[in-house]
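Keep the sequence and the 3D view open while you read.

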Amino acid sequence: MKKRKSYGTIMVNLADSRVIDLIESREKEDVVIWLSLFPNIKYVSRDGSLTYAAAIREAHPEAHHISDRFHLVKNLTDASTLCMYRILAGRIVIPLTKEQNAMNELLTSKPSRRTKILWVKSLASQGRTIQDIRTQTKCSLQTIQKYIRMREEEIPKDLEDQRGREHTEAIQKIMDKVKEVKALQVKGYSIRKIADETGYTKRTIKNYLSPDFNPIHGQYGVQRPGKLSPFRNEVIALRSKGTTYKEIHASILQKGYTGSEAAIRQFIAKEKRLQGDLENDVIAGSTEIVERKWLIKLLYKPLDKVKAISLEQVENVVEKYPLVGTLIRLVWRFKEILQSGEKELLHTWISEAAALELNELTSFLNGIKKDIDAVENACTLPYNNGLAEGSINKLKTIKRIMYGRNSFELLRNKLLLLESRKFN
């Protein structure tokens, strides 16, 4: 009735999709009394609420409980997503794949101005023509002529990127803390004693001791939605071919882009910096970046439905982080089991998931173990909570039509009247 404040309970007939009744409560005692008014109930599809489970058992001890498949899958994917956030940075560096080679050429090479000047001078000293130098370096004619005339003392020195230096220093500070915690653990200190000694929280200490700990902040390098987001790959591809910013701007303007040319320059500069920060000591031109959000989408959609990532990229990520592949297979295997009609497979899956000893999955596994009969029925019986969820949306629509100015009794009577007309 009021989000996060007041809730009710709705009952829908699984046989004909008809709303039977609703009450202005979801407390166990009220639900037990209400359910007792319907002595012929044999099957009940519900979510994982312990309150509803206890109420149904008390009111109808012989009724078969069916855990809703949607909520089961959602809870598992949510837990797996949290695990991926822990083990993966916002962007993952992987070996360069074939189809991404041209697109990532610009970002992975990242030559400094000094490097470009020396490159141009070297080509000129070999007797190359201006046009030939332009083809190789992708510099303008004016820039090439300027670089050729430049004297030795005018060539700038290489300066370390300020943002890159800050990023490296931040990672080093975290790794120093990790070494400190691990050194204390080697001495036999307990987590509580390490917390007293260092001042770090127990959760932080557990993260530092985890073999999957990643010092790079989970949100570092994550691409935030913006005007350029739909054109990201196209902009990088065009720039890597030497297309000028003015030409790129004109091209994407025709496709709906409403931003400025300066924004494109800033975007490319940021992409180059992120690439340099994440690569560390990797040889330039040999790696590419995969965003974590596309890997998380694989928990929800098959690979052929996620256009931003390829099979080769996924394989490279899984080779670097085997747990990612394990989680994706675990989620899809669970979905298959729910549709298989073979509840015996469920127990094998639970054992395999528990063997991973992942904190994020522990709560989910404990929940289905406590409610195992209902989860088994979800594998073997056709019923689900879809009817209830749809009826709740219908109820909210009716409430909005009345601008929310209605008592519970008026809302209940109007819904039941509409249901009776539908079936008469």
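Contact here means heavy atoms within 4.5 Å. Helices (H or I, at least four residues) and strands (E, at least two) are DSSP runs, numbered from the N terminus.

This is a predicted model: local features need pLDDT of at least 70, side-chain atom pairs count only at pLDDT 80 or more, and totals for chains, interfaces and linings use all residues. Residues are numbered from 1 along each chain as its sequence is written, and side-chain values use heavy atoms, with hydrogens and water left out.

## Packing and geometry

From helix 16, Leu330, Arg333, Phe334, Ile337 and Ser340 meet Leu345, Leu346, Trp349 and Ala353 of helix 17. The contact residues split into 7 nonpolar, 1 polar and 1 charged. Nonpolar covers Ala, Val, Leu, Ile, Met, Phe, Trp, Tyr, Cys and Pro; Asp, Glu, Lys and Arg are charged; the others, Gly among them, are polar.

## Two positive phi values

Most residues other than glycine have a negative phi. Ser17 has a positive phi of about 70°. Ser17 sits in the loop between strand 1 (9–12) and strand 2 (19–23). Glu357 also has a positive phi, near 55°. Its place is the loop between helix 17 and helix 18 (359–370).
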